[in-house]
Structure formats: structure tokens, C-alpha cells
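Open the model in your viewer and keep the sequence panel beside it. The stops below each give something to select and then say what is there.

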Amino acid sequence: MKRIGRCFVAMAVALLVLFYWNVNTGSVALTPGEVLELLLLKRGDAVALRIVWDIRLPRMLAAAILGGALSVSGFLLQSFFGNPIAGPYILGISSGAKLVVALTMIFFLGRGMTIGSIHMIGAAFVGAMLAMGFVLLFSTRTHKMSLLIVCGVMIGYICSAITDFVVTFADDANIVNLHNWSMGSFSGTTWSNVSVMTVVIILTLFVTFFLAKPMAAYQLGEAYARNAGVNIRGLRVMLILLSSLLSACVTAFAGPISFVGIAVPHLVKVMTGKARPLIMLPGCFLMGAVVTLFCDGIARTVFAPTELSISSVTAVLLVPVVIWMMLKRQGGR
Amino acid sequence: MEQESSNIAIHLAALSVGYGRTTLIRDIELKVRRGEILTLIGPNGAGKSTILKSIAGQIEPLGGVVYLKGQDKRKLTRQQVAQTLSMVMTGQPVTELMSCREVVATGRYPYTGRLGILSQQDWRKVDESLELVRAEEVAGKDFMELSDGQRQRVMLARALCQEPEILILDEPTSFLDVRYKVELLSTIRDIVKKQRLAVFMSLHELDLAKKVSDQIACVKGDRIERVGEPEEIFRGDTIARLYNMEQGSFESLFGVPQLPKVEGEAKVFVIGGGGSAVDTYYRLQRQGIPFAAGILSANDLEYPIVKELAVEHFVSAAYQEPAEELLEAAKRRIEVCEEVVCTVELFGTYNAFNKVLLQYAERLGKLVERREAENG
């Protein structure tokens, strides 16, 4: 238990350090004193105040919250499939969400209407569920996870291709934004975005937390969970709905973000030495926030003022983790 | 041994089982009392597993009713069922970063609160279960690091941790080597008697089935072909017919692996010889009654069994009359035993001493049971 406590403290400290680093890197350089003054007292240089409060802070919060949500979504999918290689990006769920969001935006923006965050989440959820539906359909035909992942990757490619197609041929000026978004980015997040995502994600996570108990029994497989009295169908439905909702929320605000959902749960397991859902759920959220905030910091600063898409950073940093994990599993059998 | 009907833990009434629309076995009528072990035997693919899974609710029965403690199982909540019945499946689960203690702890599911956090009492129950199956020393180890035999013990502990009254075991010994098979079954038998559980299981090993079961049900075709005590089932050619054996036969007398003997002060004295008392020895052992046996000649075919199972045995050198001291010692033993069983039918020159013992027992007014050889 001590080790787990230390892990959580370490993650919290890392998060604080990253917050500070993110606030304080970019075109405006500040001293630690100025940062504290800006954050706590909302006092200081007017330009710095604007940059920190209107641009950096909402973006950082979004990166942390959405990164956490994405990791929890990955963990739920891994529990569902009983396999640590599952994740919302690799199974095509993020891309499905992206497609429907893009279509919805083009449809509404083309008619001069604006759409709110909630509608974006709704559209993304529909897309996520559609992609998930295909994956589930395939999963009734094969129990081989490798095959299922190939199917997921293909669904992802098809969805991305269609998205690119419609984005390319949509000529509205607003859609310039769409291109950035469809590559995955936290830039341009507003405070109203942050408040909507916070409410939706906190509510979803609250419900998810109560799945910790049946998920723990489910760790021994379906048969033993059923024997212990778990409502298997109910649990499976909840896992699908909640993981789709979480990744839909992420996609609606930041576009598809690769490999966070698959790598972070593994990192948490390695760190804590445990796979208990009661530890994993908050652990994944924290770790996801840390990893994503770190990656966003890099995306923003490495080639500043040019920004990288968040997925290119997460891919470079997290794919090695995924490969390591796959090789380790292979060796274990 | 007869118990009143309220002790019936599980009752299958006109149960039909199968997959989808295909009925594999129909009209199953079986009852198991608390403290009793019922074993399903039958050829591979006969549907033993299907029956067990249907009882445990892993698949839906196609007809009929499963009564748990007299109540229709369909009318009970998942939690109520889980608190009454638990199961050990054939395949062992693959776990990730779970200690044995955590694996066992999943059995507390029907007792914990919303977040599934175990109370101290729950953890105590987990440790007790591990002790019952004698796996306490591996409690902290990762489940995947154990041997098959140890893992099976831990899975049994998980099932016990659910505090069931009914235990379903699907081929609990299937991939264990002979030593683990015997250890596991003797553990199961001890626990069943101690906690008065009703056990419904399937076994491949007929020799072991004979030794641990109170009832045996033969699954063949789409029916339960026969149900009865092992003595009835393992007689004549029942087994050979059940398995459609065309070559060879099933040697019903000697099952080679033995469960450990029942320790304690001998309560029953068995006068046997020539194989007539073999079934009596197994029956006493199964019922947990310590016994003494004699007087046997050292070359008697019962000797190897008696040596393993009797707490005290009186053996004379081959082809010789027993010494006077041996006869006297056997008499002293008979005096303190509660019961004397004699399976010898014919007395002649070579077992006259046993006739002396029998008459002595009758004179003492000991409850004497004359049994015919059960393996005619």
C-alpha cells in the first residue's frame, strides 16, 4: 500500500511541476513570482495576464482532463476485451467520433449555424458508438485480439479517409479550424469548453468509479465474475457506453489523440505493481493527465512558434511503451 | 447416514440442458444433501460440463428447475445465488498482477459494499479459505507464478471464500499430476465433511470417483443412465458399458491412488481377507471412520490396502498360523471397537483364527455386521 501511496504522490507532484512548466513556457517568459501572482491574484502585466488566463490555462486544463479521460477510457476497453492492447485510438473509436463530428460541423457551419460543446460531444458519441458497433460485430466472429485490432485500425483508416475528404472539399472559412482539430490539438480551447468537459467527464468518471467492484471480479474472466454474482451483460454495456463517452468527449474537443489510452494504463500497472480497478481508475486519470500535459508542452514548444499535432508527440513518446508491453506479454507466455 | 429432506441442498427437477436449441441431456433428476459428494462420470463430450454449467447459471437450462435449498433458483437474486453456490471451472484464469490473496478475495464480491472494498472480516475469511486448502504459504505470491496444482487450490479457496453451501467442481483434477489429484480430492473431502457442503462435480478418474463420492451419476446418451452409491455403480460391467469399452475391462477392485487414511482411534474392526473387505475399507475411509483390520496373512491381496488405510492392522506371516499374542492383541482391539464388520463367508483351515475372532466379537455382544463380498 505504501508503494501505491508514493506513486500517487509522485504523479501529483509531476502534475504540479508540469503545470508550472506549461504556464511558464512560450512567447512570454515570466519569473516564478510573477506566475504565482498571475495565477493566484490575477495581477500583473496585462498581456501576460491575457495569455496565461485566456490561452494557456484553459489549454492546460483541457490537456490534463482530456488526457485523464482518454486513459480511463483505454483502461475500460482493456477490461472489456481482457487485453491490454485495446484502446480507443487503435480500435478506431476516436476516428469514428472524429468523422461524425466533422460531418456535423460542416453541416451546421455550412448553414451559418454555430454548434455548442454539448452537441459536439453528442456527435462524437454517435461516431464512437458506430465504430464500436463495428468492432463488436467483428468480435463476435473472432476471439483473436490481433485480428480485432487490425479491424479496428482499418475502421480508423476508413473514417480518417472520409474525414479528410470532406474537410478538403468543404470550402467554408471556418473549416480551416477543422483541419487543425482533425489532426488532434488542444489549441484554441476556451473556458466554456473547459467547463463543459469538466462537468461531463467528472459525471462520467463518478459513474465509472462504481464499476471498480464488478471490474475487479471480472479480472478472473467472465465465468468467475458471473459465479460471484456480477451482472455480466450490464457490466459489458456500461464498459462500452462509458469508454465511448469518455473518448467521444476527448475527440469532440481535441480531435483524435493516439496511444494515450493504450499506454497509460500499462505505465500505471508497472509503477504501482497492481492492476486493481479501484487503484487503476484514479491512477489512470492522474497519469493520463501527466502524460498528456507533458506531450502538449512538447507539441507547443519544441518547434515554437510552429505547433506539432498532439498525436505526433504522443506517438513518438508512447509507441515504444506499447511495443515494450507487447514484447513483454509475448515473453510472459 | 440418512438425513431428513430439509438437508437437500440442491435438487434438479426434470432439468434439460444443452446449447442454443440443441438439448444434450434431458430429464435430469438428482438431489445432493449437505455433506455429500455427487460425481458425474461418463465419456468425454457426454455433457457433464454442460450440466454443471447449467446448474451454476453459466448457461441457461433448457427446461426444468434447479432448486437451491428448496427454492427455485430463477426466483433468487444474483447475490443470493452467489452466496449459496460457487464453482471451480476446468480452465484456470489468466491474471495480471494479482496475488493469490487478491484472487481469493474476488470471492467476497456478494458480501462487499458498492466499491467492493473488503472489510477486515472479509480479509479474515480470505485467509481462512486459503488455510482450508492449505495454500496459506503462497498467499502473497503472484497467481501466475504458481504450479497448476497450487493454482487449483487457490481457485478452490476462492470458491470457499464465497461461503457457499453448494460447491460445483468441473473436473477439478483435470490437469494435475497424480500427487496433486490425490491431495486436492482429499482436501475437498475434508472440507465437505467439516463444513457440510454439498458438492456436485465431474471427474475423469474413475478410481478416485469411487473413493470420494457418496453418489455417482453416469451420464450417457441424452440421459443420466444410472445413479447410485459407488458400490452399486462399480459392480459388474456397468463401467465398461458406460464407456463402451470393447477391449479389456474396468478393474473395479483396485484403484491405485489412495487418499490418506482417516486418523484416530479405531472405531470399527474389520475381519476380512481375500479381497472381500476392500469395499468396506473404502466405505469406512470415505465416511471418515477410522478402523482396524485383521487378521490378514501377509500375502493376502487386501494387505496393501489395509496397510495404507487402516489405523491398526493385524498381520500374520504368510502361510503360517498367527502367533497367540497376535490373536490376543486383535481380541483386545475388538473389545474397544464400537462395531465389528465381518466380510468372510467361508471359514476353513487357513482362516480359522478369524472365526475365533468373529465368535469372540459375537460373545462380547459387539454390533456385528456380516457383509457379503461387495465385488462378487
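The model is a predicted one.

**Stop 1: a helix in chain A**

Select residues 46-81 of chain A, which form helix α3. This helix has 36 residues, and from its first C-alpha to its last it reaches 51 Å, close to the 52 Å expected at 1.5 Å a residue. Move along α3(A) to Arg56(A), where the helix bends by about 35°. A proline, Pro58(A), follows within four residues.

Is α3(A) mostly covered or mostly uncovered? It is mostly covered, with 29 of its 36 residues buried. Now step past the end of the helix to Gly82(A), which follows α3(A) and has a positive phi, near 60°.

**Stop 2: the largest pocket**

Colour the lining by residue type, and it divides into 21 nonpolar, 16 polar and ten charged residues.

**Stop 3: the second largest pocket**

Select Arg226(A) together with Gly57(B), Gln58(B), Glu60(B) and Arg78(B). Of the 29 residues that line the second largest pocket, these lie nearest its centre. Two or more lining residues come from each of α10 and α11 (232-254) in chain A, and from each of α1 (48-56), β4 (63-68) and α2 (78-84) in chain B. The space in this pocket is about 790 Å³. Its lining has twelve nonpolar, eight polar and nine charged residues.

**Stop 4: two strands in chain B**

Select residues 85-88 of chain B, which make up strand β6. In a regular strand, side chains alternate between the two faces of the sheet. Show the side chains here: Leu85(B) and Met87(B) point one way, while Ser86(B) and Val88(B) point the other way. All four of these residues are buried.

To finish, pick Val88(B) and look across to Leu169(B), which stands opposite in β7(B).

Note on methods:
Residues are numbered from 1 along each chain as its sequence is written. Chains are lettered from A and ligands numbered from 1 in the order in which they are written. This is a predicted model: local features need pLDDT of at least 70, side-chain atom pairs count only at pLDDT 80 or more; totals for chains, interfaces and linings use all residues. Side-chain values use heavy atoms; hydrogens and water are left out. The expected span of a helix is 1.5 Å times one less than its number of residues. The bend at a residue is the angle between axes fitted to the seven residues ending there and the seven starting there. Buried means under 20% relative accessible area, exposed over 50%, partly exposed in between (1.4 Å probe, protein chains only). Ala, Val, Leu, Ile, Met, Phe, Trp, Tyr, Cys and Pro count as nonpolar, Asp, Glu, Lys and Arg as charged, and the others, Gly among them, as polar. On a 1 Å grid over the protein atoms alone, a cavity is a set of points where a 1.4 Å probe fits but cannot get out, and a pocket is an open set with protein on both sides within 12 Å along at least five of seven lines; lining residues have an atom within 4 Å of a point. Grid points are joined across faces, edges and corners, and a volume is the space filled by probe spheres set on the points. Two strands pair if DSSP finds at least two bridges between them.
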